[in-house]
Amino acid sequence: MDSQKMNYNAGQAKGQAQVFCAFMFKEKTTTMMEKASNVAQYAQESLQEIGQQMQATAQGAAEAVKNATGMNKQQ
């Protein structure tokens, strides 16, 4: 095999390797972005749930104070 043909084959192999690496990088990046999005969604839902629980607790505490002080009686 002459050196020109070997250089051509080496260039082809290098090009294919670069394309493969770019593809794999894109796949990994896409997977990582999807996972990050899932984590963000889970965190958002968890924070909303915690906020609702805190709001319910605060409302319950306010009602308890009203009941204890007699402010919750119907006139």
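These are my notebook entries on a predicted model of one chain.

**Ground rules.** I number residues from 1 along each chain as its sequence is written. In this predicted model, local features need pLDDT of at least 70, side-chain atom pairs count only at pLDDT 80 or more, totals for chains, interfaces and linings use all residues, and side-chain values use heavy atoms, with hydrogens and water left out.

**Overall form.** I looked up the secondary structure. Helices (H or I, at least four residues) and strands (E, at least two) are DSSP runs, numbered from the N terminus. Next I checked the spans. Along its principal axes the C-alpha trace covers about 105 × 15 × 10 Å. The radius of gyration is 32 Å, but a compact globule of 75 residues would be near 11 Å. That radius is taken over C-alpha atoms, and the globule rule is 2.2 Å times the number of residues to the power 0.38.

**Surface.** How much of the chain counts as buried? I found 0% of the 75 residues. Buried means under 20% relative accessible area, exposed over 50%, and partly exposed in between (1.4 Å probe, protein chains only). The chain exposes about 7000 Å², and carbon and sulfur atoms supply 60% of that. Such areas come from the Shrake-Rupley method with a 1.4 Å probe; for residues, only the protein chains shown count as cover.

**Nonpolar patch.** I then went to Phe20, in helix α1 (residues 3-69). Phe20 is exposed, at 52% relative accessible area. With Phe23 and Met24, Phe20 forms a nonpolar patch on the surface, about 310 Å² of accessible area together. Patch residues have over 30% relative accessible area and no salt bridge; nonpolar side chains (Val, Leu, Ile, Met, Phe, Trp, Tyr) are joined within 5 Å, like charges within 9 Å.

**Salt bridge.** I counted one salt bridge. The rule is a side-chain nitrogen of Lys or Arg within 4 Å of a carboxyl oxygen of Asp or Glu. Glu63 and Lys66 make the pair, at 3.9 Å, N to O. Both lie in helix α1, three residues apart, about one turn of the helix. Glu63 is partly exposed at 34%. Lys66 is partly exposed at 33%.
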